Amino acid sequence: FEDGMTVPFIVRYRASLVGGMSGPQAHDLDQAWQRHGRLAKTRTKVLSAMEASGALTPGLRQAVLAASTDSALDDLYAPFKPQPKGSLAHRAKALPGLEEAVAEFWSRGDPGTLRRLLAAAPPPDSLGKGDMSVQSGAMYLVAQRVAEQPRVWHRVQTMFEDAAIVSTGKLLDAKKTKQGAGTGGEGSLGAKGQVPSRKRKDTFAEYESFSQRAKWLRPHQVLALARAEDAGHLKVSISVDSDRALDSILRETLAAVPARLSD
């Protein structure tokens, strides 16, 4: 495979190289080889990032080498990924001394420096338009660290897989639909829009007040909901119990930080 030979070529002309495997068996072997190559490249990238930041420990190195899936490597790499320059957390890092204070608070559970910065900061309402307050900056930096915790990611992912609810809003009126059909957005199932017709509207009528667990949706229902939103007849949303989600995030975060931070 590493020489660029295709599966059909190997099965037909190089059968001895794969022990007489059938086409499907050789295909599975090729897929496994490609996954192995991708994981090897990702491991090198993750180890380089950790080493460059000075955070690579024997334990982290062992965890990276033992990771057998892309998602496991992504979890390990999350704290070391470069942040987009336009993100709120990136802007917060430009506030003098704030990044160091939040790091001290997070890693050692010592809020002293952060409290002094917050106490000395000007009130948010005294700042100019577009200026970020120290209070907001601290919140964004802490939120970023929370989001980087693998335990938090796993908890939220599991919650969506198990308890997410897909629901629809009311049918849009024709005027609004023509103007905004298919704009999509967060929680949307559709992307492109079409000018609605009465016939298509009647087709989607059964989904007008629809609500169901995402994990129980049948393929034809997913397709119908996506088409209904694309056509501008329905607004589809995906949600979980926000109180339960925040409680889970808090518990997982406190389990991952120093004991003093939990007090």
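Predicted model: local features only at pLDDT ≥ 70, side-chain atom pairs only at ≥ 80, totals over all residues.
User: What makes lysine 215 and aspartate 162 a salt bridge?

Analyst: Happy to walk through it! The closest N and O atoms of lysine 215 and aspartate 162 are 2.9 Å apart. The cut-off is a Lys or Arg side-chain nitrogen within 4 Å of an Asp or Glu carboxyl oxygen, so the pair qualifies.

User: Where in the chain do these two residues sit?

Analyst: Lysine 215 lies in the loop between β2 (211-213) and α12 (219-230), while aspartate 162 belongs to helix α9 (residues 150-163). They are 53 residues apart, and the pair links distant parts of the chain.

User: Why is lysine 215 called partly exposed?

Analyst: Its relative accessibility is 44%. Buried means under 20% and exposed means over 50%, so lysine 215 falls in between. Aspartate 162, at 34%, counts as partly exposed too.

User: How do you know that lysine 235 and glutamate 229 form a salt bridge?

Analyst: The N to O distance between their side chains is 3.8 Å. That is within 4 Å, so this pair also meets the definition. The structure holds two salt bridges.

User: Is glutamate 229 buried or exposed, and why?

Analyst: Glutamate 229 has 5% relative accessibility, which is under 20%, so the residue counts as buried.

Conventions
Residues numbered from 1 in each chain as written. Heavy atoms only, no water. Helix = DSSP H or I, 4+ residues; strand = E, 2+ residues; numbered from the N terminus. Buried < 20%, exposed > 50% of the residue type's maximum accessible area, 1.4 Å probe, protein only.
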